[in-house]
Amino acid sequence: QVQLVESGGGLVQAGGSLRLSCAASGRIVSINDVGWYRQAPGKQRELVARATSSGRTNYADSVKGRFTISRDNAKNTVYLQMNSLKPEDTAVYYCYHRAKDQWWRDYSDYWGQGTQVTVSS
């Protein structure tokens, strides 16, 4: 089984920065895509950023130029650097890893517990 633990959320003023981390542990034989979603109150969960195993990244239009996703494969960790934060970035942020815990199994999506990011105006 694979477990994900997130950290780094909190309260910040508009224009400030936060860095989220998401570390995977447990039996992991391979990790494919990693990424971050967010869900604001009353809204659907949306993709924020994604990084493939080959290093490609893609971002939601609303965060392009402000957020940067990175991964440390040696540590099975994905990061989300968030700069120039806006009140509309307020949400619970969830990380995911698409991983295998056995070579013969298909990849499955594993999720973090979520971390609250609140941006005050």
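Is Tyr-96 buried or exposed? At 3% relative accessibility, Tyr-96 counts as buried, because the cut-off for buried is under 20%. The views below come from a predicted model.

**View 1. Tyr-96 pairs with Trp-111.** The two rings sit 5.5 Å apart, centre to centre. Their planes make an angle of 40°, and the pair is tilted. The pair links distant parts of the chain. Tyr-96 belongs to strand β9, and Trp-111 belongs to strand β10 (residues 108-111). They are 15 residues apart. Tyr-96 is buried, whereas Trp-111 is partly exposed, with a relative accessible area of 37%.

**View 2. Three residues form one aromatic cluster.** Its members are Tyr-37, Tyr-96 and Trp-111. Across the whole structure, a search finds 3 aromatic pairs. One of them is the tilted pair of Tyr-96 and Trp-111.

**View 3. A disulfide joins Cys-22 to Cys-95.** The structure holds 1 disulfide. A disulfide is a covalent bond between the sulfur atoms of two cysteines. Here the S to S distance is 1.9 Å. Cys-22 lies in strand β3 (residues 18-26) and Cys-95 in strand β9 (residues 91-100). The two cysteines are 73 residues apart, so the bond links distant parts of the chain. The torsion about the S-S bond is about 55°, so the disulfide is right-handed. Cys-22 is buried, at 0% relative accessibility. Cys-95 is buried too, with a relative accessible area of 0%.

**View 4. Four strands make an open sheet.** Strands of a sheet pair through backbone hydrogen bonds, either parallel or antiparallel. In this sheet the pairing is antiparallel, and the order is β1-β3-β8-β7. β1 (2-7) and β7 (67-72) stand at the edges. Each has a single partner strand, so one side of each is left without a neighbour in the sheet. On average, neighbouring strands are turned by 15° against each other, direction ignored.

**View 5. β3 runs antiparallel to β8.** Strand β8 covers residues 77-82. How many bridges join β3 to β8? There are 6 bridges. Leu-18 stands opposite Met-82 in β8.

**View 6. Two arginines lie over tyrosine rings.** Arg-19 lies over the face of Tyr-79, at 4.0 Å from the ring centre. Arg-45 lies over the face of Tyr-94, and the distance to that ring centre is 3.9 Å.

Key:
Residues are numbered from 1 along each chain as its sequence is written. This is a predicted model: local features need pLDDT of at least 70, side-chain atom pairs count only at pLDDT 80 or more; totals for chains, interfaces and linings use all residues. Side-chain values use heavy atoms; hydrogens and water are left out. A disulfide is a pair of cysteine sulfur atoms within 2.5 Å. Buried means under 20% relative accessible area, exposed over 50%, partly exposed in between (1.4 Å probe, protein chains only). Two strands pair if DSSP finds at least two bridges between them. Axes are lines fitted to C-alpha atoms, for helices over the stretch in contact, and angles run from 0 to 180 degrees between N-to-C directions. Rings of Phe, Tyr and Trp (its six-membered ring) pair if their centres lie within 6.5 Å; planes under 30 degrees apart count as stacked, over 60 as edge-to-face and the rest as tilted. A charge sits over a ring if NZ of Lys or CZ of Arg is within 6 Å of the ring centre and within 35 degrees of the ring normal.
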